[in-house]
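Here is a short briefing for a first look.

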Amino acid sequence: RSAWVGYTGTPMFDDTTNGLRTGDIFGPLLHAYTIREAIADHNVLGFKVDFRTTIDEDKMKEEYLPQFYRNRYPSWSEEQVQAKIANLDQSDMDDAISPSFYDNNDEHVRLVVADVVANWRNRSNDCRYTALFTTHVGGGAASTPMAMKYFDEFQRVNDEHRRDGGLVLKVAVTFSYNTTNSDDMLNSNKMLFRAIQTYNGEFGTSFGMDDVGGYTQDVTSRLDRTANDKRYLDLVIVVDQLLTGFDAPQLNTLYVDRTLKNASLIQAYSRTNRIEDMDSKPWGYVVNYRGPANSENLMNEALAIYA
């Protein structure tokens, strides 16, 4: 006749992939301690969130959107197309942009990395804090090539800065070993092997594909600054790893190039808001690079539920 009590940090109120929510499994909520209350109690920090775009608005209105509306409404005249574009707000423009516009877009990646590097000292409080970067490709396509595009671009910028005396960031990328037997498996694992080899060269480690778990654990110890040799990372690129359950007071910034919503958004944002020193780390900092208006709407919807 025992009574079972369930505890969860972030209950699933929205439908999950299997159609079950936390309440469907455990029954009615017994008690809620929300983000709003935790912030007020100084148990966690609040969030400062920026919404940025790499898309040139003039180029978008002159090239991308006219073609988009001509294809969608072939019966429209050119005057109707231009009238529609002239009255668009940012949310409308976000809706018109396919996620594939961002996915595997080399120019987008270059501009995002340039923004991260240019603002690093300010956002990290002069390199005192570390950061996570998460990216994801929609439509069922593999996300690991996009993560590696970012990794390679950071390495390219680092090489430039070593020559000209600029800021060099220690960056790693981690994602799961692929055992799906899909078309993407071989390429994904080749990329992971290359990332691990680069990491071994940077830190003098000897991880291989037979110890991906050990590699990931070592990466997290350098990100949360608990590594025994005191050689730390500045930024780690992930797809889904470390976005839940990874608590590091030394991490203060999350860079987002993907769509986050509901519980996944709250969990990801919360990687940044663990208290370290409230004078030097007054909030968790989040920078979104995809669909600024839609990203802000999704954030507000999630906070309305969880805060």
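Which backbone oxygen lies 2.5 Å from a polar atom of the side chain of Tyr 306? It belongs to Pro 11. The model is predicted. Two topics follow.

**Tyr 306**

- Tyr 306 sits in helix H12, which covers residues 292–306.
- Its relative accessibility is 8%, so Tyr 306 counts as buried; the cut-off for buried is under 20%.
- Beyond its neighbours within four places in sequence, Tyr 306 touches a run of residues: Thr 10, Pro 11, Met 12, Phe 13 and Asp 14 are among its contacts.
- Thr 34 and Ile 35 are also in contact with Tyr 306, as are Asn 262, Ala 263 and Ile 266.
- Asn 189 is 117 residues from Tyr 306 along the chain, and their C-alpha atoms are 37 Å apart.

**Helices H3 and H4**

- Two packed helices are described by the angle between their axes and the distance between the axes.
- Helix H3 spans residues 57–72 and helix H4 spans residues 78–86.
- They pack at an angle of about 120°, and 10 Å separates their axes.
- That angle makes H3 oblique to H4.
- The crossing of H3 past H4 is right-handed.
- H3 contributes Lys 61, Leu 65, Pro 66, Tyr 69 and Arg 70 to the contact.
- H4 contributes Glu 78, Val 81, Gln 82, Lys 84 and Ile 85.
- Of the residues in the contact of H3 with H4, five are nonpolar, four are charged and one is polar.

Notes
Residues numbered from 1 in each chain as written. Predicted model: local features only at pLDDT ≥ 70, side-chain atom pairs only at ≥ 80, totals over all residues. Heavy atoms only, no water. Helix = DSSP H or I, 4+ residues; strand = E, 2+ residues; numbered from the N terminus. Buried < 20%, exposed > 50% of the residue type's maximum accessible area, 1.4 Å probe, protein only. Contact = heavy atoms within 4.5 Å. Polar contact = N/O pair within 3.5 Å; in protein donor to acceptor, adjacent residues only side chain to side chain. Axes fitted to C-alpha atoms, helices over the stretch in contact; angles between N-to-C directions. Parallel < 35°, antiparallel > 145°, perpendicular 65-115°, else oblique. Left-handed = near helix turned anticlockwise from the far one by under 90°. Nonpolar A, V, L, I, M, F, W, Y, C, P; charged D, E, K, R; others polar.
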